[in-house]
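Please walk through this structure with me, one region at a time. Keep the viewer open as you read.

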Amino acid sequence: MIMSSVCLLEAVNLALASEMRRDPDMVLLGEDIGVNGGVFRATANLRDEFGLKRVMDTPLAENMIAGLAIGMASQGLKPVAEMQFMGFIFPALEQIICHAARLRNRTRGRLSCPLVIRAPFGGGIHAPEHHSESTEALLGHIPGLKVVIPSSPARAYGLLLAAIRDPDPVIFLEPKRIYRSQQQTVEDNGEALPIGRCFTLREGSDITLLSWGAMITETLQAADQLAQQGVSCEVIDLASISPLDLDTILASVRKTGRLVIIHEAPRTAAMGAEIAASVAEKALLDLQAPIARVTGYDTVMPYFRLEKHYLPNTQDIIDSVTQTLEFV
Amino acid sequence: MTDQLPLQYLDSEGQPTQTLPDWCNTPDRLQRCYHYMQLARQFDSKAIALQRTGQLGTYASLLGAEAIDVSVALSMSKEDVLVPYYRNHACQIIRGMPLEEVFLYWGGDERGNAATAMQKDFPNAVPIATQCLHACGVASAIKIRGEKRAAVTMIGDGGTSKGDFMEALNIAGVWQLPVVFIINNNQWAISVPRKIQSAATRLADKAIGAGIPGIQVDGNDAIAMHEAMQTALQRAYEGKGATLIEAISYRLSDHTTADDATRYRSNDELKQAWEREPVKRLRNFMRSQNFWDEDQEQALLQEIAQLVQQAADSYLAIPPQPVSSIFDFMYAELPSHLNEQRDWAEVRAMPGGSHHQEGE
């Protein structure tokens, strides 16, 4: 097997190519994904290898891309559609929510909709307006969908393979801030990682830090710095927004007694709120302090000159952990 | 282009307006068509009667659109894929959906969409125009695999105002997809008349911007609808791409059983529309050719009445799905958090539970 040192973006490309070789029914569609290889190059070189019929540049219409993918999936193809940015997914929500997520249930399993929609998301790359939002909670709220967010090259490779092989619709959100910031050795062995499971990145005993996507970077940095102060943090990468792996989270909270949830999405009605409520329902008496959230504001994501003020940083996490530890 | 008359072979009295296609010289296909048009009409009456007596949910009548639905379905091959909207019961019946399952769907039971006889056909789309894109996706799959099949989708005149419809025409043109779009232009989108829907003289002209042919057809003329469908399907099978058919008809009933069209529509208009209706038109023509007589008419109506009654009886005898079915088809494999919710639902449905219903 080929071992290579790749970034998250290259890992996405590796997984797509690998699975297209394995599964002749798999097709890609989206804006600019063909000759151009995607605006971020996630589909680079795939047109050359797999041809026009399997790597399809579409007209510019996100809703159309989603609708086409539903029709394709219903007939046994495995479409993997790219939305150029998550901020442009909104026109496609009707198709995703009303049809992709419901076709299996609506037909009692006669038809199903095994498609993948990939979209880069999150802030921090000085992009224009509507390119930086994190609206994973919108999608996590929808029954019938699965929503997956990798936070490293290896998990991008393994989770994308799992998303493609999943018999149900999966929204695969790629944290574009860390598309190229981290290199990791990834073995192109065709092995998928499980969807619906958290990944414990660091074991600890004093407090649990739970995050996902690009914020994992700051969360791990905070855990490093806190370790120097003698605080032992357990760090969990949520990875699957839906379905949630509450078992891993609860086991960790029962061990550490404290929980800080970190996400860059706005605070209200977001995944952090859902997780906090579930932990409060099931493990209240194991908690030694209130559950804390470090999040973006309930505001529009600012244009990029102010985006650093919006995004939580390492110090915010350290402050929140310190307050949680000091609670009596 | 805009001053062309709609394609028509029979006037409203059933008199030929031009030389008829050869298949009209023998009764078989015409009788088959007539049979299903009458079946559609009686199914419709029965569905409304069931709704009025609380035995069916809100129902969308297809009264007046029989020639469109029946001609579309009879022209399709079994291997084609139907992507319907919510007013295509006759299409679904002809394509093999058992009558009681059509009732079951409108009776609020998902099993109405489960019939294996429907093969890869889509279930009804309730959101407006979204189905046009599914048809393009289906047609893409057909094209990618190099098959000689087509996707066929239908939409109302109101739906043509939606982006999905224009996006579907556009991609069908660019990718030369084997798909046929049929607009059931029944003149009313609930209370909004055709003239408020679009300033286009003909809805068929919406095809021009997508680079595909658009033809206007008298949708109450089964012969014209057959001819238009045959041409469009042949084009699709031969890899020449998509066609848009605007079938001009009239919604003789309310939008659904929850609607009251007398609030916004004049009786005169409705009366005039009844003079152009499709069933009478085809019957008149068949009688004039000696393909049909009063005895055949009575025998057919009786046979259909029996069939529809039996279907209604079997529908009413179908017990509801177990509550667990709410969960069982959400995913191929149930996520564990839903296992817990599924268990709660079952406990609550048990005798003594907060959701228990007598007779379940």
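The model is predicted. Start where the two chains meet. On one side, 43 residues of chain A take part, in contact with 45 residues of chain B. Together the chains bury about 3,500 Å². Carbon and sulfur atoms give 60% of that area. Three residues stand out on the chain A side. A:Gln75, A:Arg108 and A:Arg110 supply 24% of the area that chain A buries against chain B, more than any other three residues.

Now look at the polar side of this interface. The rule finds 23 residue pairs in polar contact across it, both partners at pLDDT 80 or more. Which elements of chain A supply at least two residues each to the side that touches chain B? They are strand S3 (55-57), helix H3 (62-74), helix H4 (93-100) and helix H5 (103-106). H3(A) gives the most, with eight residues. By class, this side of chain A has 18 nonpolar, 14 polar and eleven charged residues. Charged partners also pair up across the interface of chain A and chain B, where the rule finds four salt bridges. Separately, the side chains of B:Glu340 and A:Lys282 meet in a salt bridge, at 2.9 Å from N to O.

A:Thr107 is worth a stop. A:Thr107 sits in the loop between H5 and strand S5 (116-121) of chain A. Is A:Thr107 buried or exposed? Its relative accessibility is 0%, so A:Thr107 counts as buried. Leaving aside neighbours within four places in sequence, A:Thr107 is in contact with B:Asn113, B:Ala114 and B:Pro123.

Next, helix H1 of chain A, residues 8-22. H1(A) has 15 residues, which should span 21 Å at 1.5 Å a residue. The end C-alpha atoms are 21 Å apart, so the two values agree. H1(A) is also mostly covered, with twelve of its 15 residues buried. Among them are A:Leu8, A:Leu9, A:Val12 and A:Leu16, but also A:Asn13, A:Ser18 and A:Glu19.

Move to chain B and helix H10, residues 278-288. At the N-terminal end, B:Glu277 caps the helix. One of its side-chain oxygens lies 2.8 Å from the backbone nitrogen of B:Val279. After H10(B) comes B:Asn290, with a positive phi near 60°.

Back in chain A, find A:Arg155 in helix H7 (residues 153-165). At 13% relative accessibility, A:Arg155 falls under the 20% limit and therefore counts as buried. Beyond four places in sequence, its contacts include A:Asp237, A:Phe199 and A:Leu193.

Finish with the backbone. A:Ala239 lies in the loop between strand S11 (233-237) and S12 of chain A. Its phi is near 60°, a positive value in a residue other than glycine. A:Ala239 counts as buried because its relative accessibility is 1%. A cis peptide bond joins A:Ser242 and A:Pro243, with omega about 0°. A:Pro243 lies in the loop between strand S12 (240-242) and helix H9 (246-256). In chain B, B:Ala129 has a positive phi near 75°. B:Ala129 is found in the loop between helix H4 (99-106) and helix H5 (130-144). B:Ala129 is buried, with a relative accessible area of 1%.

Technical notes: Residues are numbered from 1 along each chain as its sequence is written. Chains are lettered from A and ligands numbered from 1 in the order in which they are written. This is a predicted model: local features need pLDDT of at least 70, side-chain atom pairs count only at pLDDT 80 or more; totals for chains, interfaces and linings use all residues. Side-chain values use heavy atoms; hydrogens and water are left out. Helices (H or I, at least four residues) and strands (E, at least two) are DSSP runs, numbered from the N terminus. The expected span of a helix is 1.5 Å times one less than its number of residues. Buried means under 20% relative accessible area, exposed over 50%, partly exposed in between (1.4 Å probe, protein chains only). Contact means heavy atoms within 4.5 Å. Buried area is the accessible area (1.4 Å probe) that two parts lose on being put together, summed over both. A polar contact is a pair of N or O atoms within 3.5 Å; within protein, one must be able to donate a hydrogen and the other to accept it, and residues adjacent in sequence count only if both atoms are side-chain atoms. Ala, Val, Leu, Ile, Met, Phe, Trp, Tyr, Cys and Pro count as nonpolar, Asp, Glu, Lys and Arg as charged, and the others, Gly among them, as polar.
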